[in-house]
Number of protein chains: 2
Amino acid sequence: MTLTIHPVPGLPEIRPGDDLAALLADALARADLGPQPGDILVVTHKVVSKAEGAIALLEGDEEAAYRRLAAEQAVEILRRRGDLIIARTRHGFICANAGVDRSNAAPGTAVLLPFDPDRSAHSLRMALCHRTGVDVPVVITDTFGRAWRRGLVDVAIGISGLEAILDLRGTTDTQGRELKVTEVAVVDEIAAAADLAMGKAAGIPAALVRGLAAPCGEGRATDLVRPAGEDMFR
Amino acid sequence: MTLTIHPVPGLPEIRPGDDLAALLADALARADLGPQPGDILVVTHKVVSKAEGAIALLEGDEEAAYRRLAAEQAVEILRRRGDLIIARTRHGFICANAGVDRSNAAPGTAVLLPFDPDRSAHSLRMALCHRTGVDVPVVITDTFGRAWRRGLVDVAIGISGLEAILDLRGTTDTQGRELKVTEVAVVDEIAAAADLAMGKAAGIPAALVRGLAAPCGEGRATDLVRPAGEDMFR
């Protein structure tokens with residue numbers, strides 16, 4: 001089935017207290033992208049964090065304040081190199097600087113991760129459903145580095161209306177062989193696909209994915225966190 | 001810009017020696033997906049490996065033969081748990097069982113990674129250009145696990161006609177702030193996006209990505225391998 005990914009242009013700069021669902025509904029309508037059943041809305045966490053006020057001032061020496069903030073947001077520091085820390089956040093995500101980010105943030109500020117991105121996704125989904133009459137799953141994304149591979153990719157840090165993982169165990173391949181270990185991180189693939197349409201520098205923080213037979217459900221992005229006991233690379 | 005991802009149906013089961021470019025060109029034409037300038041063709045490595053004969057027989061005890069084969073294909077074993085090894089391949093990729101895979105393989109066989117997936121991508125691109133008259137970049141994918149995050153995602157293991165990484169360093173964000181460390185693994189995002197359209201169990205091994213302003217160039221997927229000296233998680 002052909003998949004289309006539409007960037008959602010025209011969102012204003014988001015400020016604390018803004019009604020993100022209302023702004024997204026307006027932007028979708030203006031772009032002739034009124035949600036349809038089966039659509040998935042992908043939003044970068046930055047606009048969610050800004051609307052929720054998850055912004056910190058970097059007072060005094062900005063670099064030092066930024067490093068302090070990242071350390072505060074970390075519940076565990078896995079690696080440290082120069083000013084960079086690879087840390088586990090309270091949500092369980094392992095990422096650079098505990099997800100504290102200054103790109104696309106107002107001067108002198110940094111944007112934190114939403115306090116509970118799965119809950120943020122759920123609230124956004126409910127508010128959009130209320131406004132548009134269509135229940136569209138929501139994926140909130142961030143941009144993470146990876147072990148072993150250079151470059152960053154967008155991943156899901158909050159979801160609502162979807163399973164995080166498409167579990168193909170027990171189904172068979174084209175040879176009739178049972179797929180034993182295939183669990184696809186489908187919401188991470190949705191996040192990556194949406195990033196292609198949004199573009200990092202263009203400042204478009206939302207995309208609508210249409211035509212994907214995604215696994216509906218009530219999963220959480222924290223389902224993607226590999227439990228420490230199963231993780232060979234802590 | 002709206003991105004569309006078209007699965008390419010109708011490829012036959014691929015056998016060693018098959019002319020994959022000819023089969024893909026036919027399948028694209030039948031699906032009314034004749035390549036256009038700007039398109040990107042994504043192909044799972046499995047059909048490339050099969051066409052190149054990168055298939056091994058699992059003789060005797062299949063499980064034991066499979067484990068032996070995975071160990072042979074590894075140049076370094078990073079972790080071992082039960083029968084699973086996380087290994088570095090000769091290409092530099094770090095993945096489960098050194099990329100040796102039995103899903104969608106004929107009974108009693110396993111599929112290896114192509115010997116040089118970047119070269120395979122280049123050959124496929126040239127042959128397709130010769131047949132269709134359009135020079136379309138090619139991405140060859142595999143399905144990898146990740147440290148810290150559950151579930152598998154498709155990544156690029158061979159490319160031609162693209163840069164592996166979109167380097168945004170030196171450009172500015174919407175606030176006019178210089179993006180300092182943003183290198184996007186755009187070909188990995190392309191691989192993930194294509195997987196959404198193909199689906200693991202459906203057995204569709206190719207997709208055409210249309211509408212993406214991708215970074216043209218002569219990069220290699222091995223550019224994505226983080227040098228051991230820079231890698232904090234070996």
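Leaving aside its neighbours within four places in sequence, which residues is B:I190 in contact with? Keep in mind that this is a predicted model. On its own chain, B:I190 is in contact with B:I40, B:V42, B:V139, B:A156 and B:V209, and across in chain A it is in contact with A:L196. Here "in contact" means that the C-beta atoms lie within 7 Å.

That residue is a handy place to start. The largest nonpolar core has 144 residues, and A:I190 and B:I190 are the ones that touch the most other members. As a bit of background, nonpolar side chains in soluble globular proteins tend to be buried together.

Now step back to the two chains. Turn chain A by 180°, with a shift of 0.0 Å along the axis, and it can be laid on chain B with an RMSD of 0.0 Å. That is the relation of a two-fold axis. As for how they meet, 100% of the interface residues of chain A are also interface residues in chain B, so the copies meet through the same surface.

Finally, find a sheet in chain B. Three strands make it up, in the order β4-β5-β6, with antiparallel pairing, and the sheet is open. Its edge strands are β4 (74-81) and β6 (94-96) of chain B, each of which pairs on one side only. On average, neighbouring strands of this sheet are turned by 30° against each other, direction ignored. Zoom in on β5 of chain B, residues 84-89: this strand pairs with β6(B) in the antiparallel sense over three bridges. To see how residues line up there, look for B:R88, which stands opposite B:I94 in β6(B).

Key:
Residues numbered from 1 in each chain as written. Chains lettered and ligands numbered in written order. Predicted model: local features only at pLDDT ≥ 70, side-chain atom pairs only at ≥ 80, totals over all residues. Least-squares fit on C-alpha atoms with pLDDT ≥ 70 in both. Contact = placed C-beta atoms within 7 Å. Core = buried A, V, L, I, M, F, W, Y, C linked by C-beta atoms within 7 Å. Buried ≥ 20, exposed ≤ 12 C-beta atoms within 10 Å, placed from the backbone. Pairing = 2+ DSSP bridges. Helix = DSSP H or I, 4+ residues; strand = E, 2+ residues; numbered from the N terminus. Axes fitted to C-alpha atoms, helices over the stretch in contact; angles between N-to-C directions.
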